[in-house]
Amino acid sequence: MPEIQDIAYWMALAHLPRWRTEKINGLIVELIHNRKLSLAEFLDLSEDDWQNEFQFSDKESADLLNARSNLPELSLIAEALWAEDFEIIPINSSEYSKTLKANLKLRQSPPLLYVKGNKQLLNESSVAIVGSRDASEIALQFTEAVARKCVEDYRVVVSGFAKGVDKLALEATLKYNGRSIIVLPQGIMTFKGFREYHSQIDEGDVLILSTYFPKSPWSVGLAMGRNIYIYGLADEIYVAESGSKGGTWTGVMDGLRKERKIYVRKAGPDEKNANNKLLSKGAVPVDSEGNCTGDPVGPKTEQLEMKFGDTEENEI
């Protein structure tokens, strides 16, 4: 974790408005690894230095000037985070999730993780159990069965804390004395559930994690954006139930394009969901207990209608 005086500088760069994650991470690589500059030294440079040495545009330089002007406010937030025992894990830290970085690369890995709880869970074997908010009873039974199996296998369950499959995955994991990472759709300082999970946090069974600005309130956009981090934090993904659009569908399709193996519960003939359609896209079928029932029945991932085309990228 950075020293408290450095946290404001990290936040200033990590949350630059309108800057894509890939651009922010690329700048961090350039500063820390190539130029051996601290983030503080970079933000202390003049506007001319930014434009001449880093070829930033007038608009980009204006964004950096605005970030620098916000440093006093960010320092107060950093002190509040520190006082409330939140921790900040930057992307260059050895504590940062290796699974997340491997799955999302520098293109999509969040520059900062805001956490509270057992950080060791970030680098243990993990499973995400995902599905609809209004899931059917059979999907919920599947969710509990997979969560129980994860606990038996000493695997961490990643949860998005939405109602339906997400919330049951968390509750079932804790019911069977397992461990879970809760990925928030909001800033960590606006989350109201710490008291509910106080004992599990203290005992090391739960880690609360956010990638968003600490004071960001819940929003639909952040909830949708959070899904990529749920999938990214998991070594394996199990789908209880999906519609033909929405967060679960989008997350699975993204994972298949990245050639990840994703397990989808095979739906019965009377079910009205998109599970079997996902199987036709290349997901792996599993039964109601999460056991594989065969190889993928759909096209190879390179035949999907869209491919992100990740290439070799610099590591931080």
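How many salt bridges does a search of the whole structure find? It finds 15, a salt bridge being a side-chain nitrogen of Lys or Arg within 4 Å of a carboxyl oxygen of Asp or Glu.

1. Ground rules first. This is a predicted model, where local features need pLDDT of at least 70 and side-chain atom pairs count only at pLDDT 80 or more, while totals for chains, interfaces and linings use all residues. Residues are numbered from 1 along each chain as its sequence is written, and side-chain values use heavy atoms, leaving out hydrogens and water.

2. On to the sheet. It is open, with 9 strands in the order E1-E2-E6-E5-E4-E3-E7-E8-E9 and mixed pairing. Its edge strands are E1 (87-90) and E9 (284-286). Strands here are DSSP runs of E, at least two residues, and helices are runs of H or I, at least four, numbered from the N terminus; two strands pair if DSSP finds at least two bridges between them.

3. A parallel pair: 4 bridges join E5 (residues 180-183) to E6 (residues 206-210). Within this pair, Val 183 stands opposite Leu 209.

4. Now a salt bridge across the chain. Arg 179 and Glu 124 meet at 2.5 Å, N to O. Arg 179 lies in the loop between H9 and E5 and Glu 124 in the loop between E2 (112-117) and E3, so the pair ties together parts 55 residues apart in sequence.

5. Glu 236 and Arg 155 also form a salt bridge (3.1 Å, N to O). Glu 236 sits in E7 and Arg 155 in the loop between H8 and E4, 81 residues apart.

6. Finally, a network of salt bridges links Glu 30, Arg 35 and Glu 53. The Glu 30 to Arg 35 contact is 2.7 Å, N to O.
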